[in-house]
Amino acid sequence: MQLDSLSSPPRPSQLAEDRSPIGYETLRRMATVPRYNAWIARELTPHVGQRVLEVGCGIGNMSDYFLERELLVCMDMMPGHVEVIRRRYAHRANVVTYAGDITDPATITALRAYCFDTVLCLNVLEHIADERTAVAHMYELLRPGGCLLLFVPAGTYLYGTLDLALGHHRRYERNTLATLVHTAGFRIERLDYLNLAGMLGWWLNSRVLGRHLLPEGQLRLFNRLAPFFIAVERLLRALWNVPLGQSLLCVARRSP
């Protein structure tokens, strides 16, 4: 089943035209850290229902972990990304693709009938200038009692060249994200920092070395050491609620 997009599907020759070179390359490189991606998916999975909207699916790095749901709508502003997903999951009747903007009221009209019980927005909200409208529309698209899962970059002090190159409008502090989500009407069930080890790499590459892309060699090393980093982080957080991390995970619920 394929949902009509707001614009006509792109030709294959368009796929490279509408990709931000740095954005697409970053997505490609993040596909090479499956241990990290699997860790984030494990943190999300207990809260994910059966009718899921993924806002900003990219090329499907996280979509793979939720393919067994009753419905997975993969949405992105980039028609080329949507075409990649459409082809990648063409054999799955439960996967729907949609090219659109979460801040556009037309998206609400087009998707409301799906009655989502879960909205995923993973490393996407920071790219959206009008974050308030985006979160408000996510609230509207959820049925009563539905769950919003946000994963965003944390720490304004880490903002640097990597963020600029990726088109990040901001990084988040815990209180600013909480205020944003509360204002939209959500009740927060969990709001935690994650990925202590990633902070060093981001600071070094973005604030010190001024890079625009995370080096592939560093990502390979990070993926190899991820089980160790995850185990250490779990231990530290069990002993002390460390108020630090490269990212923030927010689990929030629409009122019943």
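Predicted model: local features only at pLDDT ≥ 70, side-chain atom pairs only at ≥ 80, totals over all residues.
Seven strands make up an open sheet with mixed pairing, in the order β3-β2-β1-β4-β5-β7-β6. Its edges are β3 and β6, each of which pairs on one side only. Going from one strand to the next, the twist averages 15°. Within this sheet, β4 and β5 run parallel and are joined by six bridges. Leu 122 sits opposite Phe 151 of β5. Helix α5 lies across β1 (51-55), β4 and β5, and runs at about 145° to β5.

Helix α2 (residues 34-44) is largely enclosed by the rest of the structure, because eight of its eleven residues are buried. Those buried positions are Tyr 36, Asn 37, Ala 38, Trp 39, Ile 40, Ala 41, Glu 43 and Leu 44. What do they pack against? On the strand side, the partners of these buried α2 residues are β4 (116-122), β5 (142-153), β6 (187-194) and β7 (247-253), while the helices α1 (21-30) and α9 (216-239) complete the list. In helix α3 (residues 79-88), the buried residues are Gly 80, His 81, Val 82, Glu 83, Ile 85 and Arg 86. This buried set of α3 packs against α1, along with the strands β2 (71-76) and β3 (95-99).

As for the cysteines, searching the whole structure turns up zero disulfides. Cys 121 is in no disulfide, and the nearest cysteine sulfur, that of Cys 250, is 11 Å away. Cys 250 is likewise in no disulfide; for this residue the nearest cysteine sulfur belongs to Cys 147, 8.7 Å away.

Side chains of opposite charge can pair when their charged atoms come close. The count here comes to 17 salt bridges. One of them brings together the side chains of Arg 112 and Glu 140, at 3.7 Å from N to O. That pair links distant parts of the chain, 28 residues apart: Arg 112 is in the loop between α4 (105-111) and β4, whereas Glu 140 belongs to helix α5 (residues 131-141). Arg 112 is partly exposed, with a relative accessible area of 43%, and Glu 140 also counts as partly exposed, at 35%.

Another salt bridge joins the side chains of Arg 171 and Asp 163, at 2.9 Å from N to O. Here both residues, Arg 171 and Asp 163, are buried. A further example lies within helix α9, where Arg 237 and Glu 233 are four residues apart and so are separated by about one helical turn. The closest N and O atoms of this salt bridge are 2.9 Å apart. Glu 233 counts as buried, at 5% relative accessibility. Elsewhere, salt bridges with shared partners tie Glu 25, Arg 28, Arg 29 and Glu 216 into one network.

Methods:
Residues numbered from 1 in each chain as written. Heavy atoms only, no water. Buried < 20%, exposed > 50% of the residue type's maximum accessible area, 1.4 Å probe, protein only. Helix = DSSP H or I, 4+ residues; strand = E, 2+ residues; numbered from the N terminus. Contact = heavy atoms within 4.5 Å. Disulfide = S-S within 2.5 Å. Salt bridge = Lys/Arg side-chain N within 4 Å of Asp/Glu carboxyl O. Pairing = 2+ DSSP bridges. Axes fitted to C-alpha atoms, helices over the stretch in contact; angles between N-to-C directions.
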